[in-house]
Amino acid sequence: MQSDLLFDLVPGESRRQISFAHGCISYAIAQTTQAPSCGTIVLIHGVGSNASRWEEFTEQTALRHKWQILRLDLRGHGASESKIKATLEQHASDIVSMLDDAGVQKAILIGHSLGAQIAMRTAVLYPDRVTGVVLLDPLVTQALMPSVIAQKKRRWILLGVEFFARLANAVGLKRRLPHYSLRQHDQRAREMLARGGDALQAFIKEYSSPFKDLEHIQIAHYVRDLLEVTRDTPAIETLDRPILVIGASSGTFTSADKMQTWVKSLRKGTWCVVNCFHWPLTECPKDVSQLIETWIQREFEQ
């Protein structure tokens, strides 16, 4: 494991690692500040990201008082290594392995983008390990924008790139990646958002750019992210768990109207929308935190 890729901890967190024959998972636990605990929350980041995506939330959320919080570098991201393809099923298995390692039976899963896909897949494959689910702008099949649908039709290109990238990795051709703090990156992004105009467009371009993402992740893992995040949404319509879906008002990848229609099909779905493009933890973190905290308090603390 490359130690300089470890994400920064916040006060009250401790770091853990799970080792496998085909890699490792780096994660952190933030214990509750009050007893007894209401349970455990797992935070799952998105494409080309790492656990620092949730650093600000973990440090500042009022949920810290009553809930234990786990956040992880997904397989192939940050300090979590992988010698195999990180499919949604593999990520789901890793989530369960992390819960086992932490001595947790059930948890609320909160995921953004790819993390939302992983949360849904985990809930379908391991329903007994999931208490509830929060999805931040999930790329559900029924709500995808035309540009994303067109991208799905070009999966064969991504599969070819992944094949050659993995071949290069197998013979030892891998870049040494720098430490990457998304919290620091977000501070600059919010300055761009506040200026609006050309700065706003520059923000969208930068956060949508694969070239910026590739500065912080190996090509094979990044391409696998793109393949997994656009897979068909699992059938969670009958899942007997509370599900909160937070959509993006000006969706870069999804339509808020179509997303709302999909949420109505869920057995225990709740719909909210925030003013953002696709990166709510960057664009409107306070709004997102308030929605998540209010929903969890209503559903699980009564």
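## A walk into the chain

Of the 302 residues in this protein chain, 56% count as buried. What you have open is a predicted model, so take the tour with that in mind.

**Start with the whole chain.** Show it as a cartoon and you'll find 12 helices and eight strands. The radius of gyration is 18 Å, close to the 19 Å the globule rule gives for 302 residues, so the chain is as compact as a globular protein of that length.

**Colour the charges.** There are 35 positive and 32 negative side chains, and the centres of the two sets lie 4 Å apart.

**Now look at contacts.** Among those with a separation of 6 or more, 77% are between residues 24 or more positions apart.

**Select residues 114-125.** This is helix 3, with 12 residues. From first C-alpha to last, helix 3 reaches 16 Å, close to the 16 Å expected at 1.5 Å a residue. Is helix 3 enclosed or open? Here 10 of the 12 residues are buried, so helix 3 is largely enclosed by the rest of the structure. Show side chains for the buried ones, including Leu114, Ile118, Met120 and Arg121.

**Finish with the neighbours.** What do the buried residues of helix 3 pack against? Select these in turn:

- strands 3 (39-44), 5 (107-112) and 6 (130-136)
- helices 2 (88-102), 9 (219-229) and 10 (256-264)

Terms used. Residues numbered from 1 in each chain as written. Predicted model: local features only at pLDDT ≥ 70, side-chain atom pairs only at ≥ 80, totals over all residues. Heavy atoms only, no water. Helix = DSSP H or I, 4+ residues; strand = E, 2+ residues; numbered from the N terminus. Rg over C-alpha atoms; globule rule 2.2 N^0.38 Å. Buried < 20%, exposed > 50% of the residue type's maximum accessible area, 1.4 Å probe, protein only. Contact = heavy atoms within 4.5 Å. Lys, Arg positive; Asp, Glu negative; His and termini not counted. Charge placed at Lys NZ, Arg CZ, Asp CG, Glu CD. Expected span 1.5 Å × (residues − 1).
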